[in-house]
Amino acid sequence: MAMSKSDGALKRFSASTLGTSLAWAGDRQWRRILLLLPICVAILAVGFWGHGPSDRDEARFAQASKQMLETGDFVDIRFQDDARHKKPAGIYWAQAASASLFGGAEAPIWAYRIPSVLGAILASLLTTWAMRPLIGGRAAFLAGAMTAGLLLLNVEARIAKTDAALLACIVAAQGALARLWFSAKDDPRERGWNVFYFWTAIGLGVLIKGPIIFLPVGGTLAWLLVMERSRGGLQRIGWSWGWIWAALIAAPWFIAIALRSDGGFFAESVGGDMLSKVSSGQEAHGAPPGYYFGVFWGTFWPWTALAAAAVPWAWRWRRAPETAFLLGWIIPTWIVFELVPTKLPHYVLPTYPAICALAAVAVLDGAAKAKGWFFWLSASLWAVVSLALPIAFIAGPILIEGVFVWQTAALGGAALIVFLLAWRWLVAGVWLGFVRGSLVGAALVYTAAFLYGFPSLSTIWISDRLTATAEPYRECVDDSVFASVGYHEPSLVFLAGTETRLVQPDDAAAIVAGSAPSLVWVEARHDNAFLSKLAELNTQAAVLAEETGFNYNRGKFRSFKLYARADGPYSACQSS
């Protein structure tokens, strides 16, 4: 393999050089990480506070964490009265901890996103650390920056759920594994710390999302064992005590929830969630094999062209131990998820840092100069996405809201100019120029989208609008019952309160006809059924307000009316 002239730290893929690469504490590794930190913050953190809770996973996670703060019960996970026994408690604890710093149970949704933002930033920084013994310092820095720029990771960073935090655990485990597997010297102290890092990351990963972390880690180990035909590396992983430490991290909560739920947690998480995903497309998320290869060209943006350019390089060096490590990180996990019927784009996110590493080292080693039809197809797809995203956030507020948001227009226009320059660098083979341009362009797009674009689209934030419209009436009359018919999105529960009732028309009519003061939002398609039941109950209702919005989960515009009992206390509120 030819040495890159631009990076003397980029080493040949041979075991003889790995001993020096493991002396990371005394070289420029930490300076690179400190330089990468503001880049990660500027890309991944901007705008995470700007928009309301998204449906449905984010709102469910945040609401369950909110209820932990409300009840003081940090063992049993619940969404309202329903047990939420699909994932362990780790991410809920992290969200509850961050929310407690910003108002407790009344904290805004962005407080619950902090673990995701920190997880995404940490995953990018850890990519630089993890890849150092595999591809050298400069390529590892480039891989970390590329990871921070990924479209999929930027979406996950701004959603209060598990995947960004899980990615940080996976990258940490893989980085420790790389050091343990390829160490050319037997320093007991260094080895002990890496064993500690490895099993700590495993334990935290299990506490966040169950056994998923074993898929990329186990796939890497299996791939290395097959490629090297030796079990020598397994002896350095610290099996004698490491698994005990990982169990001490995760097992206490698993034991507590097993006792609390009488085994119900394992029945639902393993039988109801995991096995159903393996056997069928759960929650209408089924797709055939090849799905992830298809969505890759969008979710891996803006690095799809570089990933295609790295393919021939990776093939040429596939038998090198370090390349085998990265391929083992990617291929087994990818195959498993392609074969599992239930598919969501973020499932293969754990493989993306390894793909970034292959792309980074291929660029710096000059191997990305080979250009075939596959490369140009990938480059064309990159150009399409790079053109579509800025235009979408310029035109979106105009088409949906009828408003011109000058910030998105300015940022989107700047992104288009930067992507044009990046395309010229790509065509000319100026690879580092293309990387820098794509990273700046992506940062502009993410700022336009999350800081200005999404918050300006009030039509899609139905729960925010319904809650805000009803709030003056709820403040006017104490202890109001608040309910919704037809619109049962969990974001409404998070914003309006845990006691919000998601009911059917007959139940809503009974609530309005009851003695307690009540407010009910009724979706237009349920209006007749609701009013018919009210008539049967000899009760009249008054319309206090109306709202219209676009339900993106249903892909349809919906209209709503806020009803209250005609002879109830809200007429005074309205007149005042």
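Q: How do strand 3 and strand 4 run, and how many bridges join them?
A: They run parallel, and three bridges join them. Keep in mind that this is a predicted model.

Q: Which residue of strand 4 is the bridge partner of Ser-484?
A: That is Leu-502.

Q: And what stands opposite Ser-484 in strand 5?
A: Trp-521 does. Strand 3 covers residues 481-485, and it pairs with strand 5 in the parallel sense over five bridges.

Q: OK, what about strand 5 and strand 7, parallel or antiparallel?
A: Antiparallel, over four bridges. Strand 7 spans residues 556-565. There, Leu-562 is the bridge partner of Trp-521.

Q: So what's the strand order in the sheet?
A: The order is 4-3-5-7-6. Five strands form this open sheet, and the pairing is mixed.

Q: Which strands stand at the edges?
A: Strand 4 (501-503) and strand 6 (541-551). Each has a single partner strand, so one side of each has no neighbour in the sheet.

Q: How much twist is there from one strand to the next?
A: It averages 25 degrees.

Q: Which strands does helix 22 touch?
A: Helix 22, residues 505-513, packs on the sheet and touches strand 3, strand 4, strand 5 and strand 7. Its direction makes about 130 degrees with that of strand 4.

Q: And helix 23, what does that one touch?
A: Helix 23 (residues 527-536) also packs on the sheet, touching strand 5, strand 6 and strand 7. Its direction makes about 15 degrees with that of strand 7.

Q: Back to strand 5. How many of its residues are buried?
A: Six of its six, over residues 518-523. On one side are Ser-518, Val-520 and Val-522, and on the other Leu-519, Trp-521 and Glu-523. Both faces are covered.

Q: New topic. At what angle do helix 15 and helix 16 cross?
A: Roughly 140 degrees, with their axes coming within 9 Å. That angle makes helix 15 oblique to helix 16. Helix 15 is residues 321-339 and helix 16 is residues 352-364.

Q: Is the crossing left-handed or right-handed?
A: Left-handed.

Q: Which residues make the contact?
A: From helix 15, they include Leu-326, Trp-329 and Trp-334. From helix 16, Tyr-352, Pro-353 and Leu-358 are among them. By class, the contact has 11 nonpolar, one polar and no charged residues.

Q: Last one: where does Pro-133 lie?
A: In helix 5, residues 109-135.

Q: Buried or exposed?
A: Pro-133 is buried, because its relative accessible area is 2%, and buried means under 20%.

Definitions and conventions: Residues numbered from 1 in each chain as written. Predicted model: local features only at pLDDT ≥ 70, side-chain atom pairs only at ≥ 80, totals over all residues. Heavy atoms only, no water. Buried < 20%, exposed > 50% of the residue type's maximum accessible area, 1.4 Å probe, protein only. Helix = DSSP H or I, 4+ residues; strand = E, 2+ residues; numbered from the N terminus. Pairing = 2+ DSSP bridges. Axes fitted to C-alpha atoms, helices over the stretch in contact; angles between N-to-C directions. Parallel < 35°, antiparallel > 145°, perpendicular 65-115°, else oblique. Left-handed = near helix turned anticlockwise from the far one by under 90°. Contact = heavy atoms within 4.5 Å. Nonpolar A, V, L, I, M, F, W, Y, C, P; charged D, E, K, R; others polar.
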